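Hello,

Here is the structure for your files. My notes follow below it.

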Amino acid sequence: TFRASYYYDLFNDPENPIVVSAKSDDINTYAIRLKNIVDVVKEKTGRPKVIIVGYSMGGLVTRRYIQLFGENDVDKIILFASPNHGISGDVAQYCGIFGEAKHCKDMKYDSVFMNNLNMGNKPNIPVYNIIGTGCDTYGEDGDGIVTSKSAFLNFADNFYIDGTCDNLFDPLHARIVQPDGYPITYEK
């Protein structure tokens, strides 16, 4: 298992590799960085394919990666709490406070990015999609950040994790990936 982030860029100078944090790019750029990560993981493991686990916006990055580079290098995709149909309402309004402007623009439900993502080719590999429910998500059911309607994918195996949101700053969205609090997520 490798944990990697598309938030970093590596400038591979053989004598002095440089890692630069770059969290202000758009989701297409992150998908390109994910390609580099997949290539490195395949090289290091000697395996022909990887399994990609994408959490929240990482699910959008993963889906875009598949659209841009195909699925030949990927065995399956597992998504957690991803806003697959975008964000709206208060989440979109306050996104810029917690996230970067380019991410927020791409993730809006009616953005060019979201339209391209959802109108583009669907993967022909298994896609497992974990959706949080049980929290009032701006008047709809969801995980406190992403509505269950936005997370749902008609081409995926969708699994629902019912939880709670204790307060605005401790939503299910953040806790759904914590094995101690939600072991059922890992069982799914």
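Asp 136, Glu 140, Asp 141 and Asp 162 make up a patch of negative charge on the surface. The model is predicted, so local features need pLDDT of at least 70 and side-chain atom pairs count only at pLDDT 80 or more, while totals for chains, interfaces and linings use all residues. Residues are numbered from 1 along each chain as its sequence is written, and side-chain values use heavy atoms, with hydrogens and water left out.

Patch members have over 30% relative accessible area and no salt bridge, with like charges joined within 9 Å and nonpolar side chains (Val, Leu, Ile, Met, Phe, Trp, Tyr) within 5 Å. A salt bridge is a side-chain nitrogen of Lys or Arg within 4 Å of a carboxyl oxygen of Asp or Glu. Areas are Shrake-Rupley values with a 1.4 Å probe.

Asp 136 sits in strand 6 (residues 135-137) and is exposed because its relative accessibility is 64% (exposed is over 50%, buried under 20%, partly exposed in between).

A nonpolar surface patch consists of Ile 32, Leu 68 and Phe 69, together about 250 Å² of accessible area. Ile 32 belongs to helix 1 (residues 27-45) and is partly exposed at 45%. Helices (H or I, at least four residues) and strands (E, at least two) are DSSP runs.

Asn 84 lies in the loop between strand 4 (74-80) and helix 3 (89-98) and counts as buried, at 0% relative accessibility. Its side chain makes a polar contact (N or O atoms within 3.5 Å, one able to donate a hydrogen and the other to accept it) of 3.2 Å with the side chain of Arg 63. The Asn 84 side chain also reaches the backbone oxygen of Ala 151 at 2.7 Å.

Regards

Conventions
Lys, Arg positive; Asp, Glu negative; His and termini not counted. Charge placed at Lys NZ, Arg CZ, Asp CG, Glu CD. Buried < 20%, exposed > 50% of the residue type's maximum accessible area, 1.4 Å probe, protein only.
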